[in-house]
Amino acid sequence: MAINWFKYSAPTTFYGLAGKMIPWFAFSAAILFAVGLYIGFFIAPMDAQQGEFYRIIFIHVPASMMSMFLYMVMAGYAALGLIFNTRLSAMMASAIAPTGALFTVVSLWTGALWGKPMWGTWWMWDARMTSELILLFLYLGFIALHASIDEPRRADRAAALLAIVGSVNVPIIYFSVKWWNTLHQGATIKFSGTSMHIAMQQAMFTMLAACWLYAIAVALARVRSIILERERNTVWIAELPEVKQ
Amino acid sequence: MKPRQKRFVFIAVALVGVALAVGLVLYALRGNVNLYFTPTQVFNNEVPKGRSFRIGGLVEEGSVKREKDGLTVNFVITDTHKSIPVVYKGILPDLFKEGKGVVAQGTVENGVMRAEEVLAKHDENYMPPEAADALKKAKAANTADAAAIPSNAPVVVPVAK
């Protein structure tokens with residue numbers, strides 16, 4: 001049976017679908033967070049050089065990866081919205097931005113907390129950290145630009161262009177530790193293999209999966225609010241059971 | 001062309017243009033984006049004169065010496081080709097160890113760096129202490145083997161001929 005994907009590109013139908021999917025994503029995210037933290041704190045061994053301090057990677061690494069992934073997803077939706085003029089794509093881009101910004105802040109913050117005892121400094125203007133900070137400004141710029149234009153469709157187009165242009169920064173973050181010498185260490189997880197103990201890997205990838213599910217659940221919840229807000233004058237919204245009462 | 005295709009081409013061209021511009025800017029800045037100089041670059045006089053700058057490399061094995069005041073530390077930064085001695089007064093970070101990465105900021109006078117700040121640079125390997133221990137033993141065994149081979153080598157080579 002072929003699923004008609006275009007049916008769900010309309011806010012009307014997607015609103016209901018998202019509502020049904022949120023509990024599943026939220027519930028599995030909660031379980032994976034619990035499992036990941038348990039493996040991270042009780043099963044993964046301590047590190048030979050850093051002792052217990054290294055355990056911050058179980059939140060730092062997934063948060064950093066998500067901050068970059070989510071930006072690409074957001075820019076992708078923004079491009080779809082710009083090219084095909086679909087309302088839902090632009091709404092999805094606006095729904096993802098705050099979660100992406102949150103992950104970027106978590107990444108910078110946990111990195112600073114770890115950097116002070118390990119490197120000896122909270123912050124260093126090296127290529128990796130500076131480009132990650134620019135990513136945060138891009139997220140904030142996207143949110144601010146969208147909020148500063150009153151007409152939603154115009155706001156969508158302007159913010160989409162910013163998101164697409166900013167996507168150039170993501171490969172720079174990823175490759176910064178390769179192209180230049182930095183204080184930040186090189187990549188541990190490479191396509192050619194991972195230089196990390198197996199239990200540490202399990203904890204980190206479980207946390208990464210949990211962050212993915214959390215991001216999806218939160219983005220869907222936020223896009224439902226955006227749909228409600230933007231379509232508040234339509235008949236189908238007025239007839240929703242949760243609006244009627 | 002449909003308007004949709006036009007918009008697609010517009011976005012693609014804009015993205016390529018921006019990527020090109022950013023690429024050129026980064027290419028122009030390539031030396032300045034690097035966080036530190038290597039000891040070899042210091043010897044080649046590629047570093048700024050009379051200004052504070054950073055040197056990065058490994059702490060040479062067996063080079064760390066503390067002075068009597070308990071705060072001043074002498075060590076040598078090496079990139080395994082050239083080395084620079086460093087004097088630093090202050091608290092060292094936890095990860096500072098012989099044979100590990102380090103970044104020191106300061107000025108170089110008469111071939112010695114007077115550091116104002118010393119930071120440790122971590123590597124990308126994460127392993128439990130037992131595994132690190134096993135690795136160290138294996139490495140020691142390997143160097144012992146390597147040391148044993150040269151004494152046999154002159155005997156082996158004539159036989160092979």
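1. B:Thr80 counts as exposed, because 11 C-beta neighbours lie inside 10 Å and the limit for an exposed residue is 12 or fewer. In this predicted model, B:Thr80 sits in the loop between strand 3 (72–78) and strand 4 (83–89) of chain B.

2. B:Asn45 is not a glycine, yet it has a positive phi of about 60°. B:Asn45 is placed in the loop between helix 3 (39–43) and strand 1 (53–59) of chain B. Is B:Asn45 buried or exposed? B:Asn45 is exposed, since 7 other C-beta atoms lie within 10 Å.

3. Domain 1 of chain B covers 1–33, and domain 2 covers 34–121. Taken over C-alpha atoms, the centres of domain 1 and domain 2 of chain B are separated by 40 Å.

4. The interface between the two chains comes next. How many residues of chain B are in contact with chain A? There are 31 such residues of chain B, and they meet 33 residues of chain A. On the side of chain B that touches chain A, at least two residues each are supplied by helix 1 (3–28), strand 6 (112–121) and helix 4 (129–160). Helix 1 of chain B gives the largest share of that side, 8 residues. By residue type, the side of chain B that touches chain A divides into 21 nonpolar, 4 polar and 6 charged.

5. Chain A may now be described as a whole. Its secondary structure comes to 9 helices and 2 strands. Reading from the N terminus, the order of the elements of chain A is α-α-α-α-α-α-β-β-α-α-α. Along the principal axes, the C-alpha atoms of chain A fill a box of roughly 65 × 35 × 35 Å. Chain A has 245 residues, of which 39% count as buried. Among the contacts in chain A with a separation of 6 or more, 77% are made by residues 24 or more positions apart.

6. One helix pair in chain A consists of helix 3 (residues 87–118) and helix 4 (residues 127–148), whose axes come within 9 Å and cross at roughly 150°. Helix 3 of chain A is therefore roughly antiparallel to helix 4 of chain A, as the angle is over 145 degrees. The crossing of helix 3 of chain A past helix 4 of chain A is left-handed. Residues that make the contact include A:Ala97, A:Ala101 and A:Leu108 of helix 3 of chain A, together with A:Leu136, A:Leu140 and A:Ile143 of helix 4 of chain A. The residues of this contact between helix 3 and helix 4 of chain A divide into 12 nonpolar, 5 polar and 1 charged.

7. Another helix pair in chain A is formed by helix 2 (residues 57–84) and helix 6 (residues 169–179). Their axes come within 10 Å and cross at roughly 155°, which makes helix 2 of chain A roughly antiparallel to helix 6 of chain A. The crossing of helix 2 of chain A past helix 6 of chain A is left-handed. Helix 2 of chain A contributes A:Met68, A:Tyr71 and A:Met72 to the contact, while helix 6 of chain A contributes A:Val170, A:Ile173 and A:Tyr174. The residues of this contact between helix 2 and helix 6 of chain A comprise 6 nonpolar, no polar and no charged.

8. A:Ala79 belongs to helix 2 of chain A, and A:Ala79 is buried because 22 other C-beta atoms lie within 10 Å. Apart from its neighbours within four places in sequence, A:Ala79 is in contact with A:Ala160, A:Ile164 and B:Ile11. A:Phe42, by contrast, is found in helix 1 (residues 11–43) of chain A and is exposed, since 9 other C-beta atoms lie within 10 Å. A separation of 18 Å lies between the C-alpha atoms of A:Phe42 and A:His60, which are 18 residues apart along the chain.

How values were computed
Residues numbered from 1 in each chain as written. Chains lettered and ligands numbered in written order. Predicted model: local features only at pLDDT ≥ 70, side-chain atom pairs only at ≥ 80, totals over all residues. Domains from an automatic or database assignment. Axes fitted to C-alpha atoms, helices over the stretch in contact; angles between N-to-C directions. Helix = DSSP H or I, 4+ residues; strand = E, 2+ residues; numbered from the N terminus. Parallel < 35°, antiparallel > 145°, perpendicular 65-115°, else oblique. Left-handed = near helix turned anticlockwise from the far one by under 90°. Contact = placed C-beta atoms within 7 Å. Nonpolar A, V, L, I, M, F, W, Y, C, P; charged D, E, K, R; others polar. Buried ≥ 20, exposed ≤ 12 C-beta atoms within 10 Å, placed from the backbone.
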